[in-house]
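I opened this entry to keep a record of what I looked up, in the order I looked it up.

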Amino acid sequence: TGVQTCALPIYKEVALTAVKKEGRSLAYASPQLKNDKQFVLTALQYFRSALNYASDELKNDKDIVLTAVQKGGCNLNYASDNLKKDREIVLTAVNNHWEAIKYASEELKNDREIVLTAVNNHWRAIKYASEELKNDREIVFSALRQSRGYALKYASEELKNDREVVLGVVRRYRWPFKYASEELKKDPEIVLATTTGIRTRNVSD
């Protein structure tokens, strides 16, 4: 037992050296090290995806997960379901990388500040917003401005049927017309606007 106790700090140092050289070597660390809070925190300084290899217990540790999402927002993917509901963690994650919104709880995908932060970082985040927030004009307009109108695809049915919104989009860009409501596709002024709008290349998902 005494030998094992003495060997642990040495093994920890060896494992950390390996992580510094190749982060994915953390996958081969012992279960004890993957559950060692200080070791995982240190590993995160050298390998930002270290949370992926941490124990389930540490994936539910707020200090660990907060550090991980500060290093890379999409590390939220590896957090426990419990911490995917933590507002501070999710807001930190989407500030770091917009796509982290994909891993947030359904409740936080309906949090206006979180979704607006993500969408302001990249319009594609609107794809993961709640149905309610896809009807939020500020959020949708932010996405529309960035995407040359493509984000109309993800707007609520109500906004796709909003004459002011659709007319504003197709006056600038022709092709988002296809995402307008069937009713507005028959609106003479909107149809005419598509003949003068800028022809832009389609933006893929």
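**Salt bridges**

I began with a network of salt bridges that links Arg163, Arg171, Asp187 and Glu189. I count a salt bridge when a side-chain nitrogen of Lys or Arg is within 4 Å of a carboxyl oxygen of Asp or Glu. By this rule I get 20 salt bridges.

I note that the model is predicted, so local features need pLDDT of at least 70 and side-chain atom pairs count only at pLDDT 80 or more, while totals for chains, interfaces and linings use all residues. Residues are numbered from 1 along each chain as its sequence is written, and side-chain values use heavy atoms, with hydrogens and water left out.

Next I looked up Asp111, which forms a salt bridge with Arg87; their closest N and O atoms are 2.7 Å apart. The pair links distant parts of the chain, 24 residues apart: Arg87 is in helix H5 (87–96), and Asp111 is in the loop between H5 and helix H6 (112–121). Helices here are DSSP runs (H or I, at least four residues), numbered from the N terminus.

Arg87 has 35%, so I list Arg87 as partly exposed.

Lys160 forms a salt bridge with Glu157, with the closest N and O atoms 3.7 Å apart. Both residues lie in helix H8 (residues 157–160), 3 residues apart, about one turn of the helix. Lys160 is buried at 12% relative accessible area, whereas Glu157 counts as exposed at 60%.

I also checked Lys185 with Glu182, a salt bridge whose closest N and O atoms are 3.3 Å apart. Lys185 is partly exposed at 24%, and Glu182 is exposed at 53%.

**Nonpolar core**

A nonpolar core is a set of buried Ala, Val, Leu, Ile, Met, Phe, Trp, Tyr and Cys residues joined through side-chain atoms within 4.5 Å. The largest one has 66 residues, and those with the most contacts inside it are Leu76, Val94, Ile101 and Ile126. Among the helices that each supply at least two residues of this core are helix H1 (2–21), helix H3 (37–46), H5, H6 and helix H10 (188–193).

I then asked which residues Leu76 touches, not counting residues up to four places away in sequence. They are Val69, Leu83, Lys84, Ile89, Val90, Ala93, Ala100, Tyr103 and Ala104. Contact means heavy atoms within 4.5 Å.

**Helix packing**

The axes of H5 and H6 come within 9 Å and cross at roughly 10°. That makes H5 roughly parallel to H6 (angles under 35 degrees count as roughly parallel). On the H5 side the contact is made by Arg87, Val90, Leu91, Val94 and Asn95, and on the H6 side by Glu113, Ile114, Thr117, Ala118 and Asn121. By class, I have 5 nonpolar, 3 polar and 2 charged residues in this contact.

The axes of helix H7 (residues 137–147) and helix H9 (residues 163–170) come within 12 Å and cross at roughly 10°. H7 and H9 are therefore roughly parallel to each other. Arg137, Phe141 and Leu144 of H7 make the contact with Glu164, Val165 and Val169 of H9.

Note on methods: Axes fitted to C-alpha atoms, helices over the stretch in contact; angles between N-to-C directions. Parallel < 35°, antiparallel > 145°, perpendicular 65-115°, else oblique. Buried < 20%, exposed > 50% of the residue type's maximum accessible area, 1.4 Å probe, protein only. Nonpolar A, V, L, I, M, F, W, Y, C, P; charged D, E, K, R; others polar.
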